[in-house]
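Biologist: Can you walk me through this chain? I'd like to start with contacts.

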Amino acid sequence: MLRSVGQRRVTGEGVDPRVDGLRTAVSRLRRELAALRTDFTDRGIAEDELAALDAMAAGGAPEVRRLRRSLLLVAGSVGSVSALADGLTVLRRAVDLFGPPTG
């Protein structure tokens, strides 16, 4: 499995597998977005929110409300780019593992 620069395998006790899954999903979508040669208006928003998601996951216990907000911003900015649909689906599933939105 290929890993992004700076990403390391997480092992040991007390590690939340949801966080590892989130980091993997974010990394995948970031790679797919970087490989996309087409430029679109909201690309910067998607890149910023993916970086925010990665930072939240790196912190260990992300807040569900912030995860979902970032997911909505990413989906809104890349949702019309069919080449990113699979990666976006994986990201949504990773965020869903953290539970329903809090109200």
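Modeller: Contact means heavy atoms within 4.5 Å. In this chain, residues 24 or more positions apart account for 67% of the contacts with a separation of 6 or more. This is a predicted model: local features need pLDDT of at least 70, side-chain atom pairs count only at pLDDT 80 or more, and totals for chains, interfaces and linings use all residues. Residues are numbered from 1 along each chain as its sequence is written, and side-chain values use heavy atoms, with hydrogens and water left out.

Biologist: How many helices and strands are there?

Modeller: Four helices and zero strands, where helices (H or I, at least four residues) and strands (E, at least two) are DSSP runs numbered from the N terminus.

Biologist: Which residues of H3 are buried?

Modeller: Buried means under 20% relative accessible area with a 1.4 Å probe, protein chains only. In H3 that includes Val64, Leu67, Leu71, Val74 and Val78. Helices H1 (17-35), H2 (43-58) and H4 (85-96) are among what covers the buried residues of H3.

Biologist: New topic. At what angle do H3 and H4 pack?

Modeller: About 165°, with axes 10 Å apart; axes are lines fitted to C-alpha atoms, for helices over the stretch in contact, and angles run from 0 to 180 degrees between N-to-C directions. H3 and H4 are therefore roughly antiparallel, a term for angles over 145 degrees.

Biologist: Which residues make that contact?

Modeller: Among them are Leu67, Leu71 and Ala75 of H3 and Leu88, Leu91 and Val95 of H4.

Technical notes. Buried means under 20% relative accessible area, exposed over 50%, partly exposed in between (1.4 Å probe, protein chains only). Angles under 35 degrees count as roughly parallel, over 145 as roughly antiparallel, 65 to 115 as roughly perpendicular and the rest as oblique.
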